[in-house]
Amino acid sequence: MRPLRLQDFVGQHHLVGPGQFLSQLIESGRIPSLLLWGPPGSGKTTLATILAHSVSANFIFFSAVLSGVKEMRQIVDVARDILEREQRPTLLFVDEIHRFNKGQQDAFLPHVESGLLTLIGATTENPSFQINAPLLSRCQVLLLAPLEVADIVQVLQRALADPINGLGKQQLSIDDKALHLLAEAADGDCRRALNLLETVATLAEEQARQQQTNG
């Protein structure tokens, strides 16, 4: 259900609305290094994907939990090769960048400074305390808020209607009160909301099968 266009993104209106910062970046065709600071499920990965898609960049997902300096060197080699062969920039998305230690964060610095890599880091922690000052100074920090209930309701409605990426083929229906309860239970986390919806859909199908079996 992850959108690839900014106009399909739900929530964070202070960043993605008409004339707002990310909208202006996409219109300019130039994406600077960014740090996206916000709670889980607020759209950090989705926004990074949309930004990379908007400038036709080579997009690399890099997990601070699973990767280290060795993988970083491999990414630099790939970025250089793509830049030389295709004249395409590389946008490196680092999930949970706050989990990197000082040495690991320093490994990004020369490649961000040279422009070889555009870094977009995602963090749930305050970057001022978790990111090295030299790297922090080369990134713009964007604060993301938990999604509002109305935004999550919109995402859930899309998931119910989408026959390709969502649950549309199951032809499920849900009343407004139940939908709002699901959205509220997600506590601002879009990923949690979709997981809850999928669980509810599975339970509803199982109940329907049992009713058919029992006649």
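Select Q12 to begin: at 5% relative accessibility this residue counts as buried, where buried denotes under 20% relative accessible area, exposed over 50%, and partly exposed in between (1.4 Å probe, protein chains only). The model is predicted, so local features require pLDDT of at least 70 and side-chain atom pairs count only at pLDDT 80 or more, whereas totals for chains, interfaces and linings use all residues. Residues are numbered from 1 along each chain as its sequence is written, and side-chain values use heavy atoms, with hydrogens and water left out.

**Backbone at Q12**

Remain at Q12 and display its backbone. Its phi is near 50°, a positive value in a residue other than glycine. Most residues other than glycine have a negative phi. Q12 is found in the segment before α1 (13–16); helices (H or I, at least four residues) and strands (E, at least two) are DSSP runs, numbered from the N terminus.

Next, select E96, in the loop between β3 (90–95) and α5. E96 also has a positive phi, of about 55°, although it is not a glycine. With a relative accessible area of 26%, E96 is partly exposed.

R99 counts as exposed, at 51% relative accessibility.

**Along helix α5**

Move to helix α5 (residues 102–114) and select K102 and D106. These residues form a salt bridge, with the closest N and O atoms 3.1 Å apart. Because D106 and K102 are four residues apart in the helix, about one helical turn separates them. Is K102 buried or exposed? K102 is exposed, its relative accessible area being 55%, while D106 is partly exposed at 29%.

**A network of charged side chains**

Now select D81, R85, E86 and R88 together; salt bridges that share partners join these residues into one network. Within this selection, inspect R88 and E86, which form a salt bridge whose closest N and O atoms are 2.9 Å apart. R88 is partly exposed, with a relative accessible area of 28%, and E86 is likewise partly exposed, with 37%.

How values were computed:
A salt bridge is a side-chain nitrogen of Lys or Arg within 4 Å of a carboxyl oxygen of Asp or Glu.
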